[in-house]
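Please keep the structure in view while reading.

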Amino acid sequence: MNTTPSAPFRVGRLPAAADDHFLGLDQAAPVATDAARLTETLVSRAIARTALICIHGQVGLGKTFAVNAACRKLAPDATLWLQFAQAPHLAQIRSALWDGLALPAPAPVNTTHICDEQIRQALAADFHLLLLDEVQHLGPTALEYLRGLWDINSKTAKSLAIVLVGSGNTRQKILRCNALHSRVHRWQQFSPLTPAEILTVIPSYHRLWNDVEDEVLLWIDDCAGHGCFRTWANLTVLLQDALDDDPKLTFTKDLVRWTFSQLDPTTRFPGHVGSGG
């Protein structure tokens, strides 16, 4: 897998399940939210119909976690995972696909018709689930290139499913590519966890939250969590580190207030140290 920090792309098999947890949080458990269950259903449909689907929403809501989990369960050996840096050009996309499909190096990116034909043949030879993360970084030319790969395959081998995952303006970018937009079979937009989901999901997420009262969980979400799974994960890491560093500490609202103070200092959270609570 190409994982060099300065590389324009990362490609290969899915990351290990443990790597999906924010900051490698120990004892964090995967939780089956309604959104994650829908993601698994949509990935299953994409595989069954060799279709193209899109999963989008703001950052930190669990999109990548849910998609990776679904692909590990449903197509662990067939998933080709790609993630691009800002605005990759077509030579980088061709190189990423070439590397991911284990074609003989180097990729003939200067002879594009030869490169593209060999990529198409490799995709047609066996079933592939192409998982593209951070799709918001792709421009119209890149999106159209991927649409073209899927189009050709859908008319011949029918061996290619594509899952597009992105935040920010992902949906708007796809909307501007009319041909691609018309071919997206299913859409899913991730939203923040609702208060009801906080009470059912967070206690199962990590042992720190197992016995915390509903009132406290909702207070934390109102103050800082705001239904964002990544923020909850960060709070969990902060609490876990504090408790590990000082065995005399116990879980209290004062300790939680301290974790609020460790988040972005420009953000004002109700219930900080020194206020009621």
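1. Rings of Phe, Tyr and Trp, the last by its six-membered ring, pair if their centres lie within 6.5 Å. In this predicted model, ring pairs join W209, W232 and F251 into a cluster. The count comes to 4 aromatic pairs.

2. Take Y205 and F229. Their ring centres are 5.1 Å apart and their planes stand at 80°, so this pair is edge-to-face. Y205 belongs to helix α8 (residues 195-205), F229 to helix α10 (residues 229-245), so the contact ties together parts 24 residues apart in sequence. Both Y205 and F229 are buried.

3. Now W219 and F260. Here the ring centres are 5.5 Å apart and the planes meet at 50°, so the pair is tilted. It links distant parts of the chain: W219 sits in helix α9 (residues 214-225) and F260 in helix α11 (residues 253-262), 41 residues apart. W219 and F260 are both buried.

4. W219 has a further contact. K253 lies over the face of W219, at 4.4 Å from the ring centre.

5. How many disulfides are there? The count comes to 0 disulfides. The sulfur of C54 has its closest cysteine sulfur in C177, 12 Å away, which is too far for a bond. C71 is in no disulfide either; its nearest cysteine sulfur, that of C54, is 14 Å away.

6. Are C54 and C71 buried or exposed? C54 is buried, with a relative accessible area of 0%. C71 also counts as buried, at 0% relative accessibility.

Definitions and conventions
Residues numbered from 1 in each chain as written. Predicted model: local features only at pLDDT ≥ 70, side-chain atom pairs only at ≥ 80, totals over all residues. Heavy atoms only, no water. Disulfide = S-S within 2.5 Å. Buried < 20%, exposed > 50% of the residue type's maximum accessible area, 1.4 Å probe, protein only. Phe/Tyr/Trp six-rings, centres within 6.5 Å; stacked < 30°, edge-to-face > 60°. Helix = DSSP H or I, 4+ residues; strand = E, 2+ residues; numbered from the N terminus. Lys NZ or Arg CZ within 6 Å of the ring centre and 35° of its normal.
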